[in-house]
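Biologist: Please walk me through how to read this model, one feature at a time.

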Amino acid sequence: MIEEKFDAIVVGAGMSGNAAAYTMASHGLKVLQLERGEYAGSKNVQGAIMYANMLEKIIPDFRDDAPLERHLVEQRLWVMDDTSHTGIHYRSDDFNEAKPNRYTIIRAQFDKWFSRKVREAGATVLCETTVTELIRDAKDKVVGVRTDRTGGEIFADVVVLAEGVSGLLGTRAGLREMPKPKSVALAVKEMHFLPEEVIEQRFGLKAGEGCVIEAVGTISRGMAGLGFVYTNKESISLGIGCLVSDFAATMESPYVLLDALKSHPSIRPLIAGSEVKEYAAHLIPEGGYKAIPQLFGDGWVVVGDAAQLNNAVHREGSNLAMTSGRIAAEAIMQLKSRMRPMTRQNLVLYKIMLDNSFVIKDLKKYKDLPALLHTNSRNFFTTYPQLMSQAAQNFMRVDGTPKIDKEKASTAAFIKARSRWGLLSDAVRLVFAWR
Amino acid sequence: MTIAASRIEEKLFQNRYLVDSGRAHIKVRPHEKPSANLRALTRVCPAQCYELNDKGQVEITADGCMECGTCRVLCEASGEIEWNYPRGGFGVLFKFG
């Protein structure tokens with residue numbers, strides 16, 4: 001369908017694909033981007049929080065016209081049992097700065113904007129086009145792609161696989177393994193619409209300010225999982241995600257969990273009277289450092305969720321995606337400018353550059369956490385939250401019991417539930433996995 | 001179970017889809033008795049696309065599929081399902097995402 005040869009083909013128009021395509025096109029490379037959705041963003045799902053710094057490195061003046069919802073001034077972490085939550089809140093007026101640090105976004109709208117920037121930078125963007133296969137030459141180097149459009153063979157020096165967590169191309173071509181049930185979480189989300197002022201009242205916000213709540217505890221029914229409530233301008237994104245392996249083992253239904261979360265006494269008042277306009281589901285890479293596949297080869301690199309680049313501990317995904325897309329583009333541009341071919345030997349530059357960035361350094365820091373949380377999910381997501389809640393209630397309720405007896409009762413409850421040895425070993429393992 | 005079923009239909013009703021009639025992008029391979037993972041899909045699929053028929057086999061109606069890939073992760077490697085993306089432009093179309 002397209003006769004010409006491109007410097008690079010980017011498969012996918014999510015965060016990593018758009019970052020890669022924009023970076024290369026704005027530096028004069030001839031870029032073709034292929035997206036299977038009707039428009040960029042129509043297949044993409046995220047919570048979603050967007051980190052300004054990582055986008056600033058790609059589009060410094062993005063604040064001028066990007067569709068941003070609210071900049072975040074408050075983050076709450078809730079540990080929940082069935083009727084209560086124990087929370088840590090951090091709120092600071094420092095986040096009301098000229099160039100705010102984090103924003104909530106709505107991905108379909110944000111990705112449309114990003115895609116427009118990619119086109120304006122000079123890339124050719126073809127939507128409604130599913131890439132079906134990688135084309136290789138006699139030496140097994142990837143030299144192009146086949147699509148589901150007629151006559152769809154297109155050639156390029158390098159293919160950037162930005163195809164997302166469930167990308168078929170790379171796995172079918174044997175470039176990486178399919179994600180394992182224990183290394184991906186299934187998250188479901190609803191969009192709850194409310195007037196701006198109602199959201200601001202309920203969360204104690206001024207116009208433009210945002211608040212996020214992330215919640216762990218009995219809401220995940222013993223599975224390793226996280227619930228979230230993000231404030232957008234006139235909607236609330238509310239969802240919950242748990243490991244696919246845990247879902248399969250427990251046979252829990254994600255929409256049952258979501259409905260239970262919505263009716264939790266701590267959540268229900270926040271969304272009361274809202275109109276739900278969308279229900280979405282998506283996988284999130286949770287395997288961390290140990291799940292990262294081979295990142296480059298002859299004629300190809302892989303970026304973003306497809307490369308499992310997601311920091312589950314800090315719930316940073318899109319910024320790792322954007323950064324890996326940008327770095328892959330910069331590596332390709334360097335090779336181009338030095339007239340080096342896009343071979344495995346040369347594309348190692350992408351990995352070297354990524355290893356030196358926060359992306360791999362952060363993932364390496366938490367390399368043992370996924371396994372720890374996976375094997376201890378019931379303790380970390382049910383037993384401890386329940387114990388914390390009971391201890392807090394014991395502490396708050398004034399009923400004539402001497403305080404010393406209350407303290408003893410709380411300590412005894414922890415020891416009864418996990419034993420002294422269990423508590424110590426959980427604590428030690430958590431500290432070692434964290435540091 | 002029936003309560004959950006009616007709720008999921010209400011949820012999916014909010015979404016926009018362009019269904020590629022006659023070209024289901026996911027197929028379940030004929031089987032006598034479903035494996036544990038295949039059976040789990042009747043509960044775990046967030047769009048409740050998978051259901052047990054009266055012979056105890058798992059069937060799929062992929063119309064409400066949100067293309068999350070959960071069933072692929074659980075059942076593609078074993079060959080129990082055949083999983084593809086819908087043709088370009090078809091399938092779920094998120095308004096918000």
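**Reading the contact between the chains**

Modeller: Let us begin with one pair: A:Glu190 and B:Lys11 form a salt bridge in which the closest N and O atoms are 2.5 Å apart, a salt bridge being a side-chain nitrogen of Lys or Arg within 4 Å of a carboxyl oxygen of Asp or Glu. This is a predicted model, in which local features need pLDDT of at least 70 and side-chain atom pairs count only at pLDDT 80 or more, while totals for chains, interfaces and linings use all residues; side-chain values use heavy atoms, with hydrogens and water left out. Residues are numbered from 1 along each chain as its sequence is written, and chains are lettered from A and ligands numbered from 1 in the order in which they are written.

Biologist: How many salt bridges are there between chain A and chain B?

Modeller: Side chains of opposite charge can pair when their charged atoms come close. Between chain A and chain B the count is 7 salt bridges, while a search over all chains of the whole structure finds 38.

Biologist: What is the area buried between chain A and chain B, and how many residues does the contact take from each chain?

Modeller: The size of an interface is often given as the accessible area lost when the parts come together. Here the buried area (accessible area, 1.4 Å probe, that two parts lose on being put together, summed over both) is about 3,900 Å², and carbon and sulfur atoms give 56% of it. A:Tyr255, A:Glu278 and A:Tyr279 supply 18% of the area that chain A buries against chain B, more than any other three residues. Counting contacts (heavy atoms within 4.5 Å), 55 residues come from chain A and 42 residues from chain B.

Biologist: Which elements give two or more residues to the side of chain A that touches chain B?

Modeller: Helices (H or I, at least four residues) and strands (E, at least two) are DSSP runs, numbered from the N terminus. Among the elements of chain A that qualify are helix H3 (107-120), strand E11 (184-193), helix H6 (244-250) and strand E15 (275-285). E15(A) gives the most to that side, with 8 residues.

Biologist: How does one residue of helix H6 of chain A look in detail, taking A:Phe247 as the case?

Modeller: A:Phe247 lies in helix H6 of chain A and, at 1% relative accessibility, counts as buried, where buried means under 20% relative accessible area, exposed over 50%, and partly exposed in between (1.4 Å probe, protein chains only). Leaving aside neighbours within four places in sequence, A:Phe247 is in contact with residues including A:Leu186, A:Met223, A:Glu252 and B:Val44. The C-alpha atoms of A:Phe247 and A:Met223 are separated by 7.4 Å, although the two residues are 24 residues apart along the chain.

Biologist: Where does A:Glu252 lie, and which parts does its pair with A:Arg221 tie together?

Modeller: The side chains of A:Glu252 and A:Arg221 meet in a salt bridge, at 3.1 Å from N to O. A:Glu252 is in the loop between H6 and H7 of chain A, and A:Arg221 in the loop between strand E12 (209-217) and strand E13 (225-231), so the pair ties together parts that are 31 residues apart in sequence. A:Glu252 is buried, with a relative accessible area of 17%, whereas A:Arg221 counts as partly exposed at 32%.

Biologist: Which residue forms a salt bridge with A:Arg70?

Modeller: A:Arg70 pairs with A:Glu200, with the closest N and O atoms 3.0 Å apart. This pair links distant parts of the chain, from strand E4 (residues 70-80) to helix H5 (residues 196-203) of chain A, 130 residues apart, and both A:Arg70 and A:Glu200 are buried.

Biologist: What is the phi of A:Arg315, and what kind of peptide bond joins A:Gly47 and A:Ala48?

Modeller: Most residues other than glycine have a negative phi, and most peptide bonds are trans. A:Arg315 has a phi near 50 degrees, a positive value in a residue other than glycine, and is partly exposed, with a relative accessible area of 31%. B:Glu67 also has a positive phi, of about 60 degrees, but B:Glu67 is buried at 7%. The bond joining A:Gly47 and A:Ala48 is cis, with omega about 15 degrees.

Biologist: Where in chain B is confidence lowest, and where is it highest?

Modeller: The predictor's confidence in each residue is the pLDDT, from 0 to 100. In chain B it is lowest in helix H1 (residues 2-13), at a mean of 77, and highest in helix H3 (residues 70-75), at 98. Chain B averages 93, with 94% of the residues scoring at least 70, and the predictor gives the complex an ipTM of 0.95 and a pTM of 0.94.
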